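Dear colleague,

I am handing over the structure we spoke of, and below it you will find what came out of going through it. Please read the notes with the structure open beside them.

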Amino acid sequence: MHGKSSNLKRAQLTDTLEAFNPTAKSSPPGGGWVRAIREALGMTQAQLATRVGVSRQAVQEFEGAEARRRITLESLDRLAAAMDCRVVYAVVPVDATLDSMRRRQARAQAEKMIGPVSHSMAMESQAVPSTIRERQLQILMEELQSGSARNLWK
């Protein structure tokens, strides 16, 4: 992704991810979503098994695998479809937006770049005032964010 096109794609992805925001901070039920929904519907494992076309033991194994986070997406899709549900899958930023993650990373990279020079100058009693250092960081952060995104993650 380059330039304006990458900014647009990131903005569109941010908007899409916003829909998942409430679920990002919650965790699945202890026994997994399949079991919780199946039980809420009043459906037995045997009934779900019949709808999926597998044995009751297979449903029991699937539910256990989901609870342990070991189920495949394919199996989860099949179980969900049999309960007239669908699987919604997303990788969601934990505590930020994509843009704020990039800003945080740009600041970390800028700090790494300015740090050794600032330290040397301070050792020579030529320390840069904090306001000037902060302005230098901001300029470098802007350059890092407007350049190749790969440079942010070195």
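The largest pocket of this predicted model has 30 residues in its lining, and those nearest its centre are Pro28, Trp33, Arg69, Leu76 and Val88. The space in this pocket comes to about 1100 Å³.

Helix 5 runs over residues 56–67, twelve in number, and spans 17 Å from its first C-alpha to its last, which is close to the 16 Å expected at 1.5 Å a residue. Its buried residues are Ala58, Val59, Phe62, Glu63, Ala65 and Glu66. Seen down the axis of helix 5, these buried residues fall within an arc of 160°, so they line one face of the helix. The partners against which the buried residues of helix 5 pack are helix 3 (33–41), helix 4 (45–52) and helix 6 (73–82). After helix 5 comes Arg69, which has a positive phi, near 65°; Arg69 is also one of the residues named above as lying nearest the centre of the largest pocket.

In helix 6, the residues that are buried are Ser75, Leu76, Leu79, Ala80 and Ala82. Viewed down the axis of helix 6, they too fall within an arc of 160°, so they line one face of that helix. Helix 3, helix 4 and helix 5 are among the elements that cover the buried residues of helix 6. Leu76, which is buried in helix 6, is another of the residues nearest the centre of the largest pocket. Helix 6 is followed by Asp84, whose phi is likewise positive, near 55°.

Finally, a word on Val92, which sits in the loop that runs between helix 6 and helix 7 (98–123). Is Val92 buried or exposed, or does it fall in between? With a relative accessible area of 24%, Val92 is partly exposed, since the cut-off for a buried residue is under 20% and that for an exposed one is over 50%. Although Val92 and Thr16 are 76 residues apart in sequence, their C-alpha atoms are 10.0 Å apart in space.

With best regards

Note on methods
Residues are numbered from 1 along each chain as its sequence is written. This is a predicted model: local features need pLDDT of at least 70, side-chain atom pairs count only at pLDDT 80 or more; totals for chains, interfaces and linings use all residues. Side-chain values use heavy atoms; hydrogens and water are left out. Helices (H or I, at least four residues) and strands (E, at least two) are DSSP runs, numbered from the N terminus. The expected span of a helix is 1.5 Å times one less than its number of residues. Buried means under 20% relative accessible area, exposed over 50%, partly exposed in between (1.4 Å probe, protein chains only). The arc is that of the directions from the helix axis to the C-beta atoms. Contact means heavy atoms within 4.5 Å. On a 1 Å grid over the protein atoms alone, a cavity is a set of points where a 1.4 Å probe fits but cannot get out, and a pocket is an open set with protein on both sides within 12 Å along at least five of seven lines; lining residues have an atom within 4 Å of a point. Grid points are joined across faces, edges and corners, and a volume is the space filled by probe spheres set on the points.
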